[in-house]
Amino acid sequence: MIDADDPCAEPTVTADELARLPIFPLPNAVLLPGGVMPLHVFEPRYREMVRDTLDGAGLLAIARLRPGYQTDYHGRPPVHPQAGLGRIIASEETDDGRYLIVVRGLARVELAHELPPERSYREVAARLVPDVITRPDAVKAAHARLLALCERLSQALDRGGDQLRSLLDSCSCPGACADAIAAALVFDHDQRQDLLERVDPVDRIERVSEHVGKLLCELVPCSS
């Protein structure tokens, strides 16, 4: 798991866990590191997946289905190879066997290949995707700009300002900060997938800053 005192720490995941990782393919769901995703699990194959996952390390990947999945939804339709690694942090089983779970995003993973079907749900071999900083001199300034924009947004919001400020207080690591803010404020699935696939934290910070700036302009008219 991620060290709560160090948001920059890599998640502790074993090679064996990545070598056989359950995936939950969903049409419009992108799990970003630091984000929290509630899910209602009702299909029998994914009920089995949740049971097995809870019996193990609680790890799974949320993988976004590619367009056209409807023709083979109950089979193995293609998914984006970049997915969000998460851990089930809360779960409740209903009387009829469904699950209500909450998954916290831990890291980016690349799905190397899908494993032969030994269970009713899908499993993959995956690898962690670390950040790649290509512009080290730009990180500090980009991070500071994002924090300043979010502080202004928190003051302009009618509701949720306190929660956003609490989130900012935990944003000591630039890349993790961009992910956490994106998880809270970016709702467009294509934008979230784009952010998931960006391994340079400066790229993510700049994209999230643009998004926060647009939100701010909607609330407080900006000069042209």
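A: Buried means under 20% relative accessible area, exposed means over 50%, and partly exposed lies in between (1.4 Å probe, protein chains only). This is a predicted model, where local features need pLDDT of at least 70, side-chain atom pairs count only at pLDDT 80 or more, and totals for chains, interfaces and linings use all residues. Numbering starts from 1 along each chain as its sequence is written, and side-chain values use heavy atoms, leaving out hydrogens and water.

The whole structure holds 18 salt bridges (a side-chain nitrogen of Lys or Arg within 4 Å of a carboxyl oxygen of Asp or Glu). Start with Asp 190 and Arg 64. Their side chains form one of these bridges, at 2.9 Å from N to O. The pair links distant parts of the chain, 126 residues apart. Asp 190 belongs to helix H6 (residues 189-197), and Arg 64 to strand E3 (residues 59-64). Helices (H or I, at least four residues) and strands (E, at least two) are DSSP runs, numbered from the N terminus. The two partners fall into opposite classes. Asp 190 counts as exposed because its relative accessibility is 51%. Arg 64 counts as buried because its value is 9%.

Next comes Asp 96 with Arg 98. Here the side chains meet at 3.0 Å, N to O. Asp 96 has 45% relative accessibility, so this residue is partly exposed. Arg 98 has a relative accessible area of 24%, so that residue is partly exposed too.

A further pair is Arg 198 and Asp 194. The closest N and O atoms of this salt bridge are 2.8 Å apart. Asp 194 is partly exposed, because its relative accessibility comes to 28%. Elsewhere, the bridges chain together. Arg 20, Asp 52, Glu 118, Arg 119 and Glu 123 form one network, joined by salt bridges that share partners.

Glu 123 leads on to the strands. In E6, Glu 123 is the bridge partner of Pro 22. Strand E1 (residues 21-26) pairs with strand E6 (residues 123-128) over 2 bridges, in the antiparallel sense. Two strands pair if DSSP finds at least two bridges between them. E6 also joins strand E5 (residues 99-114). That pairing is antiparallel as well, with 5 bridges. Within E6, Val 124 stands opposite Glu 114. So much for the strands.

Now the cysteines. A disulfide would need two cysteine sulfur atoms within 2.5 Å. The count is 0 disulfides. Cys 150 is in none, and its nearest cysteine sulfur, that of Cys 177, lies 6.6 Å away. Cys 150 is at 0% relative accessibility and therefore counts as buried. Cys 177 reaches 1%, so Cys 177 counts as buried too.

Cys 171 sits in the loop between H4 and H5. A relative accessible area of 6% is why Cys 171 counts as buried. His 143 is 28 residues from Cys 171 in sequence. In space, the C-alpha atoms of Cys 171 and His 143 are 9.2 Å apart.
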